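Here's a quick briefing to read alongside the model. Take a look at the structure first, then go through the notes by topic.

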Amino acid sequence: MNTLQKLARAQKGRFYSLYSLSIAFGIIVVAQAYFIVSIVDDLFLGEKSFQQVIPFFIGLAVVLFIRALLSYSSGQIGVKMASVVKSEFRKKLLQAYSGQSILTSYKGQSGKKVSVMLDTVDEIDSFYSKYVPQRILSTVASVIILIAVFSQHFYSGLIIIITAPFIPLFMAIIGMHTQKKSEEKLESLNTFSGRFLDTLQGLTSLKLFGRSHHYKEVIRSSSLHFRDSTMDILKVAFMSSLMLEFISMLSIGLVALELGLRLVVFQQVSFFTAFFILLLVPEFFHLLKELGSAFHAGRSSSGAAAKIEEALGEEGKKTSWGVEKLSNNRVEVKLQGVGFSYGEGFALQKVDYTFPFIGQIAIVGRSGAGKTTLLHVVAGLLQPTEGDVVVNGKNRNDYEEKEWFQHVSYITQHPYLFSGSIAENIALGLKVNDSDMEEAIKKANITELVESLPDGVNTVIGEGGRGLSGGEKQRIALARAFLKKPSIILFDEPTSGLDLMTEKLLQQSIREMAKHALVITVAHRLQTIKSADQILFVQNGEIAAIGTDEQLRTSVIGYEQLFKKGGEVQ
Ligand SMILES: Nc1ncnc2c1ncn2[C@@H]1O[C@H](COP(=O)(O)OP(=O)(O)OP(=O)(O)O)[C@@H](O)[C@H]1O
């Protein structure tokens, strides 16, 4: 609970308001008992008239109103505290997820991440909306009630002091179990969400391989596991409420017995005192019981906080960035002894190469040779584990992240298209005028495609760009690049599946781009390789040779074997 406590204390104003409200609440509870006892005592024993006790009735009504107001206000403060902390956690998680290295972000299931961000963060709500206000209220108000009881009758106070500690003791025992169970519950909820989204995304593959039934069972058992762990928590909650009720009932009974004997048999206390104490004791134990239930909810929140901290701790090796500006439009990228390792197995070996300002560079090699890894290192998505990426004479890590990415566009094999219109997908939030949009569309060779659609550029394409072919998606991504006009375009060419026409259109667009920028392509097509100014031939994580297609064909063993009959790189 430490992190959650710290975050609660950080909201000093609200924290102290809760204390003030609790002091007022304690006084109000005592005043309420006083007014009730005075009314009963005066009316039945003092034989006063109804008119004479009217001031007490008014006092009681005012006190009841203030009591309701105080309870409402402390609840509201708790809700506000919770909303501040929850939005803080969500912001941190979002920053952590978006700032993670590409390797860390690929790890884990998306559904699980969404569940942490939404459900797990929601779980901490009860710590602030229930536990914190109740803890302050119960401790402060119960002390005030205890002082009132002691002031009237010492032995009743003593019985309360002896029996009351059983409640916190019991709460501590319950609390130990609850946090663990709550962590288990959240883990199964996150796993369930992760599996669900994963299965939903891979539904087509599962259907095609006739395995959808198996996965239905996987989801079913995952959901049953979540149900069982929720029921486990509820079981503990019910047990804990029952026990708290039992302890407090016993304690109230003891005080009542003692007071009854003193009042009726020994006649040592007045009716006023006995009744006053008998009204306050249940209030005292009610506060402790409420604390017990709130404590249970608070422990569940601790489990959630632990899960969030775990998610925030998944740092991974990020690319580090500096504060330098990269204003120059001409960007020269130099790889100096650059190496990268995923930890075990494959490693990119010391790469030395200076890219030209403008032109087309192709990266070729067998599958698994390290082409994409090299592209990711150049893109700034992976931080080299050795050597430096030097940009315009300075280490790239010295530049601001935003500055670098302003100069780069990366067109992957499967570009992500958001749910929205084609225009929105091309602009990606940029404010663009119609003629710029038209030009980008023309250069990316999608004019015909756009014109064939019912609403032109305003046609809505589904989540993930459903309804468009792979080649069309890539051309939309190219249009993004034409609009952005970056200095460096990284292009992961599709391995297969493009018809001749689409291939030609893509090649045309890339050639157009290479007139004004540096285009680095992970190339799989002979045509791209032939038109490249220079080719980096990658073999086992090393640049084995550099040259034009002609040069490499005559001088490098293993280069020619890369090509299949159809002209595609294997
Ligand atoms: N996240 C990762 N963690 C560990 N190893 C990885 C990771 N990504 C890739 N690898 C390994 O690194 C090696 C190079 O992968 P890379 O994707 O760079 O190859 P490639 O030349 O682009 O292959 P292809 O043409 O098939 O896409 C492969 O052996 C691959 O298994």
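Two residues count as in contact here if their C-beta atoms, placed from the backbone, lie within 7 Å. This is a predicted model, where local features need pLDDT of at least 70, side-chain atom pairs count only at pLDDT 80 or more, and totals for chains, interfaces and linings use all residues. Residues are numbered from 1 along each chain as its sequence is written.

**Cores**
- Skipping neighbours within four places in sequence, I489 is in contact with S409, I411, A481, M513, A517 and V519.
- I489 is also one of the residues with the most contacts inside the largest nonpolar core, which has 70 residues.
- A nonpolar core means a set of buried Ala, Val, Leu, Ile, Met, Phe, Trp, Tyr and Cys residues joined through C-beta atoms within 7 Å; buried means 20 or more other C-beta atoms within 10 Å of a residue's own.
- Apart from that core lies another, of 65 residues, including I28, V29, V63 and F284.

**Helix α5**
- Spanning residues 110-123, helix α5 reaches 19 Å from its first C-alpha to its last, close to the 20 Å expected (1.5 Å times one less than its number of residues).
- Buried residues of α5 include K112, K113 and E123, along with V116 and V121.

Notes
Buried ≥ 20, exposed ≤ 12 C-beta atoms within 10 Å, placed from the backbone. Helix = DSSP H or I, 4+ residues; strand = E, 2+ residues; numbered from the N terminus.
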